[in-house]
Amino acid sequence: MSAASPLRSGAASKDARRPARNLWQVDLRELGRRAGSMRELDRSVPAPDHWRVELIGVPAGADVHLRLRLESVMEGVLVSGDIEVPLTGSCARCLEPIEDTLTLAVQELYAYEGSTTEATSEEDEVRRIEGDHLDLEPLVRDTVVLALPLAPVCAEDCAGLCVDCGQRLDDLPADHAHEIVDARWADLAAKFGTDAPTSSPGAPGESPTTEEN
Ligand SMILES: [Zn+2]
Ligand SMILES: [Zn+2]
C-alpha cells in the first residue's frame, strides 16, 4: 500500500469540514433507495435574498426551520412536513411594521433520474433528484413565496389611515373626525350678509392673505 492520502485519514477528514456546506442539499445516500426507508430532517437554514413580494417577505439570513420527513418510494423520494419562516413587512392599510411567522405544510415528490414519473412529466412539472442529492431550496422558496400575502395587514380589523389627516385610525379616538367645510356654508353666509364663519380654518373662498403667513 502506498502512503495514505491525507484526505482519507480519519483525523484529518474530521477537521476538514467543508466550510460552505449547502444546507439546502440533502444527501440521499443515508436514506438509500429501498422503498419504505425513511429519514427525519430537522434543521434551520439561513434564508437567501429575495424571498419577498411587494410588502412582505423573509429577511435575508433569517432562520428557515425545516421539519421534514423523507421517504423512499418507488419513483423517488417523497418530502413532507412543515416549514416555519419569520416574516417582516408593512401593513397594506396603515403601513405599520409587521412581524409574523408563517408555518406551511409541504408534500412533494422528487423523481429519480430515469423513473417513469420523470419520463412522463414535463421538465418543470416535477422536481428531480440530482445524483445523490436533493435540493430543498426551490421547493421551500416556491412554497413560501406563493403563500406571502399581497396585502398583509397588522390586524384583521385594521382600520387603515384617516383619509383627511393620514393618521392611523386605530391610534385615534373612536370619534375622530374632521370638520367638513361645505361650500354651501359660504353661500348661506353670502345670502345673509354675514362673514363666513371665521373660526372654521381653511374655509373656501377666504382671502389667501391670512395672517398665518
Ligand atoms: Zn394596519
Ligand atoms: Zn384624521
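How many salt bridges does the structure hold? There are ten, a salt bridge being a side-chain nitrogen of Lys or Arg within 4 Å of a carboxyl oxygen of Asp or Glu. I will come back to them after a few words on the model.

This is a predicted model, in which local features need pLDDT of at least 70 and side-chain atom pairs count only at pLDDT 80 or more, while totals for chains, interfaces and linings use all residues. Residues are numbered from 1 along each chain as its sequence is written, chains are lettered from A and ligands numbered from 1 in the order in which they are written, and side-chain values use heavy atoms, with hydrogens and water left out.

First, the overall layout. Along the sequence the order is α-β-β-β-β-β-β-α-β-β-α-α. Of the 213 residues in the protein chain, 30% are buried. Buried means under 20% relative accessible area, exposed means over 50%, and partly exposed is in between, with a 1.4 Å probe and protein chains only. Take the contacts (heavy atoms within 4.5 Å) between residues at least 6 apart in sequence: 55% of them join residues at least 24 apart.

Now back to the salt bridges. Glutamate 108 pairs with arginine 127, and their closest N and O atoms are 2.9 Å apart. Glutamate 108 is in strand β6 (residues 97-111) and arginine 127 in strand β7 (residues 127-128), so this pair links distant parts of the chain, 19 residues apart. Arginine 127 also forms a salt bridge with aspartate 142, at 3.1 Å between the closest N and O atoms. Here strand β7 is linked to helix α3 (residues 137-147), where aspartate 142 sits, 15 residues apart from arginine 127. Glutamate 108 counts as partly exposed, because its relative accessibility is 23%. Aspartate 142 is partly exposed too, at 31%.

Another of the salt bridges joins aspartate 171 and arginine 168, with 2.8 Å between the closest N and O atoms. Aspartate 171 is exposed at 55%, whereas arginine 168 is buried at 18%. Through shared partners, salt bridges join Glu108, Arg127, Glu137, Arg141 and Asp142 into one network.

Next, the metal. Which residues are the protein donors of the zinc ion (ligand 1)? They are Cys91, Cys94, Cys154 and Cys158, each through SG, lying 2.3 Å from the zinc ion. Donors are N, O and S atoms within 2.8 Å of the metal (3.2 Å for Na, K and Ca); water is not among the atoms, so sites may look incomplete. The spacing of the donors along the chain is C-x2-C-x59-C-x3-C. Cysteine 91 lies in the loop between β5 (76-90) and β6, and cysteine 154 in the loop between α3 and α4 (183-191), so the pair ties together parts 63 residues apart in sequence. Cysteine 91 is buried, with a relative accessible area of 0%, while cysteine 154 is partly exposed at 32%.

Last, the aromatic rings. The whole structure has one aromatic pair, formed by tryptophan 24 and tryptophan 51, with 5.7 Å centre to centre and 50 degrees between the planes, which is tilted. Rings of Phe, Tyr and Trp (its six-membered ring) pair if their centres lie within 6.5 Å; planes under 30 degrees apart count as stacked, over 60 as edge-to-face and the rest as tilted. Both partners are buried, tryptophan 24 at 7% and tryptophan 51 at 1%.

Technical notes:
Helices (H or I, at least four residues) and strands (E, at least two) are DSSP runs, numbered from the N terminus.
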